[in-house]
Amino acid sequence: AGGQGGGGSSAPRVSPLRQFGILARRYLDLIIQDRRNLGILLLQAPIIGLLLMLVSRADALVGEKTFASEAKKVLFMLATVAVWFGIINAAREITKESPIFRRERLANLRIGPYVLSKIAILLLLVIVQSALLLGLVALKVQLPAMGVLLPGWLELYVTTLLTALAGLAMGLAISASASTPDRAISIVPIALIPQILFAGVIFTLGDGFSVQRLLSWFTISRWAMDAYGTTVNLNELPFQPGMLSVAKDEYAFTVGHLLMRWGMLLLYMLVCLGITAWQLKRRDQQV
């Protein structure tokens with residue numbers, strides 16, 4: 001049953017927009033009712049932000065004694081934490097509803113509104129998490145007054161939010177692919193490790209079309225680091241001996257470069273949402 005994408009032709013048809021509204025309200029109610037889990041998710045940002053404050057220098061991004069190595073450490077942590085927020089927020093959200101999803105597919109539940117309702121409500125969560133994280137870091141670390149396009153703090157916030165959004169979409173793809181919430185959580189480290197390895201901070205990505213560089217194109221953190229590096233004009237900061245060298249075009253201080261990196265983060269999100277919808281469609285044949 002359900003092999004025809006929600007069969008049940010006798011059920012009344014509801015417009016996709018109305019379905020989205022109903023699903024979004026219901027999902028928001030469920031998140032608010034689970035206060036313990038919501039509290040844990042919201043506490044992640046201030047706790048990690050405070051820890052990052054402790055280890056960061058006030059002049060890590062701006063100042064006469066600012067070095068590219070110190071700047072990259074802070075930016076790398078912002079990127080990986082934003083991805084972490086997104087993936088953790090979403091990794092269990094579809095698989096834990098599998099029985100409900102199968103039942104409602106028989107009553108003409110559309111996949112599009114279902115997936116969009118998840119991303120819309122979880123977006124509210126990462127808006128708050130991103131603001132808390134960056135706001136706490138900014139209490140100690142001086143942010144650039146201007147980026148390449150917008151005030152420095154706003155550019156950094158947009159990059160953080162887009163990074164978390166791409167992480168959300170990846171988390172939903174993991175959730176749609178996993179058979180149980182526990183299995184979804186066990187996949188999360190496999191998704192996070194490449195974000196660390198191929199961000200171009202700890203390990204070099206090599207020159208030209210190296211395997212490492214090609215793999216970095218499929219990670220969220222690499223595009224986030226590129227965008228962050230553009231905002232703080234990382235190319236103009238002095239390099240310390242022994243630091244990984246980076247191609248000058250990696251953090252080019254131009255509007256086009258920044259917008260392309262933001263576009264890549266949005267594209268990553270759309271691809272992951274497409275994978276999520278495809279995996280949910282496949283479930284119709286698994287009943």
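A residue counts as buried when its relative accessible area is under 20%, as exposed when that area is over 50%, and as partly exposed in between, using a 1.4 Å probe and protein chains only. The structure is a predicted model, in which local features need pLDDT of at least 70 and side-chain atom pairs count only at pLDDT 80 or more, while totals for chains, interfaces and linings use all residues. Residues are numbered from 1 along each chain as its sequence is written, and side-chain values use heavy atoms, with hydrogens and water left out.

Side chains of opposite charge can pair when their charged atoms come close. A salt bridge here is a side-chain nitrogen of Lys or Arg within 4 Å of a carboxyl oxygen of Asp or Glu. The count by this rule is seven salt bridges.

One of them joins Lys 118 to Glu 97, with 2.9 Å between the closest N and O atoms. Lys 118 belongs to helix 5 (residues 111–138) and Glu 97 to the loop between helix 3 and helix 4 (98–105), so this pair ties together parts 21 residues apart in sequence. Helices are DSSP runs (H or I, at least four residues), numbered from the N terminus. Lys 118 is buried at 2% relative accessible area, and Glu 97 is buried at 9%.

Glu 93 pairs with Lys 96 at 3.3 Å, N to O. Glu 93 is buried, at 5%, whereas Lys 96 is partly exposed, at 37%.

Within helix 3 (residues 68–90), Glu 70 and Lys 73 lie three residues apart, about one turn of the helix. Their side chains form a salt bridge of 3.2 Å, N to O. Glu 70 is buried, with a relative accessible area of 15%.

Elsewhere, a network of salt bridges links Arg 222, Asp 226 and Arg 261.

Note on methods:
Helices (H or I, at least four residues) and strands (E, at least two) are DSSP runs, numbered from the N terminus.
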